Amino acid sequence: MSHRPARPVAAAVVITLVLQAPATGMLALSAPSAPSAAHILNRLGYGPRPGDIARIQRIGVEAWIEQQLHPERIDDRMLEARLAAFETLTLDSETIVREYHEPAIRARRARQLAQSGPPQPSPDVQGQRGDGRPAASPSPAAPVPSASPASSAASVPSAASASDRVILVELEQAKLLRAIYSERQLQEVLVDFWFNHFNVFAGKGPTRAYITSFERDVIRPHVLGSFRQMLEAVASSPAMLFYLDNWMNTSPEAARADRTLRQGQRRPGPTRAPGRAEAGALRAQRQAEGRSPTRGINENYARELLELHTLGVDGGYTQDDIVNVARAFTGWTFRPRQGTAFHFSPARHDDGEKRVLGQRIAGGGGIEDGRRVLDLLVAHPSTARFIATKLAQRFVADEPPQALVDRAARRFAETRGDLGEVTRAVITSPEFLAADAGRSKVKTPLEFVASAIRATGAEVRSALPLARALRDLGMPLYFCQPPTGYDEVADPWVSSGALVARMNFALELGANRLRGVSIGDGDVTALRERIVQDVLAGHISTTTRAALDRAATADQAVALAIGSPEFQRQ
Amino acid sequence: MFLKSGAMALVTLGFAPSFLARTVEAAGTRKKLLIAIFQRGAVDGLNMVVPFGEDEYHRARPTIAIARPGRTDGAVDLDGFFGLHPRMAVLKPLWDQGHLAVVHASGSHDATRSHFDAQDYMESATPGVKSTRDGWLNRYLQAVDEARNPLRGVALTRQMPRALQGPASALAMGSVSSFAVRGDMAAKATFEAAYAGAADRVLNGTAAEAFDAMRTLAREAGTRSRPLGLTSYPRSPFGQALQEIASLAKADVGLEVAFAESTGWDHHANEGGATGQMANRLDDFSHGIAALAQDLGDRLADTVILTMSEFGRAVAENGSRGTDHGHGNAMMIIGGAVKGRRVLGEWPGLARERRFEARDLAVTTDFRDVFAEVVTAHLGASPAAAARVFPGYRVDPARFRGLFRA
């Protein structure tokens, strides 16, 4: 990463100008001021790198936003080169299960047998880990463990466990590297936003093996596309089916069907073939659970679909709606023992009539019942309002202006959930561009860490220490246990412990004590000025300014700037 | 002075005879203490404090019910009708000593089955009202006029829990040991000055509390004692958080309200019965609490440990051998002054027609009746102060359950 030489502008002058500038209300779109450009870069990306503010000032805000709304047109080969070394990011779920997850389970069991202690439930039957953290990660500077699938499947248990861990170690690193280095900054912000909206928890059983594909194939392709398509992709993904238990959601009547099917097995004939498959699936699930087959509905997914994915908690649904939605999604499953492909099981489906949000869904619809529910939800005004509110919270303010939410919701309704259009409505709104939206949000830990690396132009050879920092800061990536996802608003992130942890991160970064992350040594004065102008864009108190001026070393200047109150906001 | 530091040295080593420990404590400004424990994810209270005496319980839960006491893996009998989950047997001595009571069928009058809303309502203690800005524990700290000391209210969590959010000084930290700026004096002083000079009142106030607290903790570091008691804390984040709380409670830092959380209770599938997922969580939960009670030693006399969860789970198990979101739940209260050995509240029964919305355990005790009794009878808040802690709710001692010995 190249360091631009500092511009010979006296920082004090810049500050004075900024402080004295009246709130203009609106950005000059063609030639934005430095603070305005910084605002755009902070909110639509992970903060300015040295030189970014000048770049936006050169091409103009409108053109930059337009570019970002078309990520496919942006060259991102530098990032791709950084990700090329990871071995699991491009694999499909079946391969990850076969070559990484299952060998790890076998090894864990073998180890338990060898120790012949009391049988411990493996994390894979334990639905949820208590600690909300990934298993201990390898030492930060060590290269990513790359136990070959063959060797890990063979004998050495510890290597096999590492092979399971590598899935998450790579995901965490990839997420950070994308946030830091991708030129498609808005896309990365949106992938984070939508993953969090449809949160799944890597600590629940085999979910970890499905997350790579979930983020890559289910979330990423739709973040500027169709909400309806993303919703169905999520509903039929093994990650969500497992995390919210819908894979087990079965009509109470299915018990009879199961018996019939098992009897059917003994009567061979072409007409019974699907029945055999069904019975096989149920048996496989029974084996997976170590018990007899389950029957009866499970409301978990249905409730979160309404509360968290679409209508919002005050969106106007009842407990009856939840039960009916759960019935509509009976039989939406997959066969953990046989692969990860979505599978609709007619034998498990409740084919009776349902009533959802006052609409009748006639019986006999099969898989179409669930699709019909998704259609209803996407067309519902509560969904438009809920999605508009969340996007406005992410991009504009913790308590977004009602007029903006209304406009974005209208755009959602008009376009039937075209997320590119809804996003555009939010990020080109006067409310977003208004100068007073600037710095009203406290950065989340991910935004803080990624923006710190971008601000300092640090070179990341290993992102592991950054992933560890996020755990210390209370935001372990992929390990948010509740389906709610991480908070979009600031309050919970502003705690004394969190601030101390941010100061410590700043000190470690400044002193080059994060192994695998290095800040080039350069002229202290130049670095200081670059941080003031290019990163804080002049938003800096006289106290912080004085402290920066006193900093004797580059270490201290970096630590002070990154740990400063000003840098915690965007 | 010599005696004090000598005794402290002994406490630090864990060898202090109890009379010396008492002397040390008496020398400080020891306050009544509330340790609030939130079971996030809605614990299945019917499998935690089991109404084994009711046939409907066993009928509604063919695969996950806990067997009657005396049978294999049966419940730990409390009073002939209720029993503890077998993995909670470690808490039975506290029951036998009269230090543990349960308030069953307690919860919120609000019907929400959303984790997020229900946690919010319980932590703000204003069910149905989302606009409440601060949490009930913070309002307690506000209502009782005290010198500003951020260590009055401490959450051993990385994020500030909703219950402690608000204008009164309070701290949230992942652990006490991580709560220090790891730089030289100059770096610390500069950060402190930068935050003190910031116009940003939110960050400025939070940082001021952090620096105050760091100084106090550094000063008191020598007095923090090793755990007392035979039960060791689980090596889980929950166990570690409780251990840190005990250590703060025993040091002279002015702690009045502590908060910890236990996660992973949302068992929609394969919940298990006497063994399995929930049993493992209960094991961690109850071993943590048992160790805490022992470790507090004499301090337990003026401490209340109160457990809570956002709502209970449906009476009947679902199609996946788990339980879906329900309503009423069980709270546990432990302390030296607790009038224990009792399951309090009115038991509404589990028969279908007795259930809330024909599916869930009904609520017969407003959780605020329990909170309010703790705030007044234990923490000693005046009626006027208690009224400020619970806006929109009339604090009425007639509704209290009689948690404490007179």
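## Close-up views of a predicted model

**View 1. Buried residues of helix 11 in chain A.** In this predicted model, the buried residues of helix 11 of chain A are A:Phe227, A:Arg228, A:Met230, A:Leu231, A:Glu232, A:Ala233, A:Val234 and A:Ala235. Helix 11 spans residues 227–235, and eight of its nine residues are buried, so the rest of the structure largely encloses this helix.

**View 2. The N-terminal cap of helix 11 in chain A.** A:Ser226 caps this end of the helix. One of its side-chain oxygens lies 3.2 Å from the backbone nitrogen of A:Arg228. A:Arg228 is itself buried.

**View 3. The interface of chain A and chain B.** Contacts link 63 residues of chain A with 57 residues of chain B. The two chains bury about 4800 Å² between them. Carbon and sulfur atoms account for 53% of that area. On the chain A side, A:Ser496, A:Met503 and A:Pro565 lose the most area to chain B, together 11% of what that side buries.

**View 4. Salt bridges and polar contacts between chain A and chain B.** Four salt bridges are counted between the chains. In one salt bridge, the side chains of B:Arg133 and A:Glu399 meet at 3.3 Å, N to O. Across the interface, 21 residue pairs are in polar contact.

**View 5. Helices of chain A on the side that touches chain B.** The elements giving two or more residues to this side are helix 15 (300–310), helix 23 (464–472), helix 24 (496–510), helix 26 (542–550) and helix 27 (554–563). Helix 24 gives the largest share, 10 residues. By class, this side of chain A has 20 nonpolar, 24 polar and 19 charged residues.

Note on methods:
Residues are numbered from 1 along each chain as its sequence is written. Chains are lettered from A and ligands numbered from 1 in the order in which they are written. This is a predicted model: local features need pLDDT of at least 70, side-chain atom pairs count only at pLDDT 80 or more; totals for chains, interfaces and linings use all residues. Side-chain values use heavy atoms; hydrogens and water are left out. Contact means heavy atoms within 4.5 Å. Buried area is the accessible area (1.4 Å probe) that two parts lose on being put together, summed over both. A polar contact is a pair of N or O atoms within 3.5 Å; within protein, one must be able to donate a hydrogen and the other to accept it, and residues adjacent in sequence count only if both atoms are side-chain atoms. Helices (H or I, at least four residues) and strands (E, at least two) are DSSP runs, numbered from the N terminus. Ala, Val, Leu, Ile, Met, Phe, Trp, Tyr, Cys and Pro count as nonpolar, Asp, Glu, Lys and Arg as charged, and the others, Gly among them, as polar. Buried means under 20% relative accessible area, exposed over 50%, partly exposed in between (1.4 Å probe, protein chains only).
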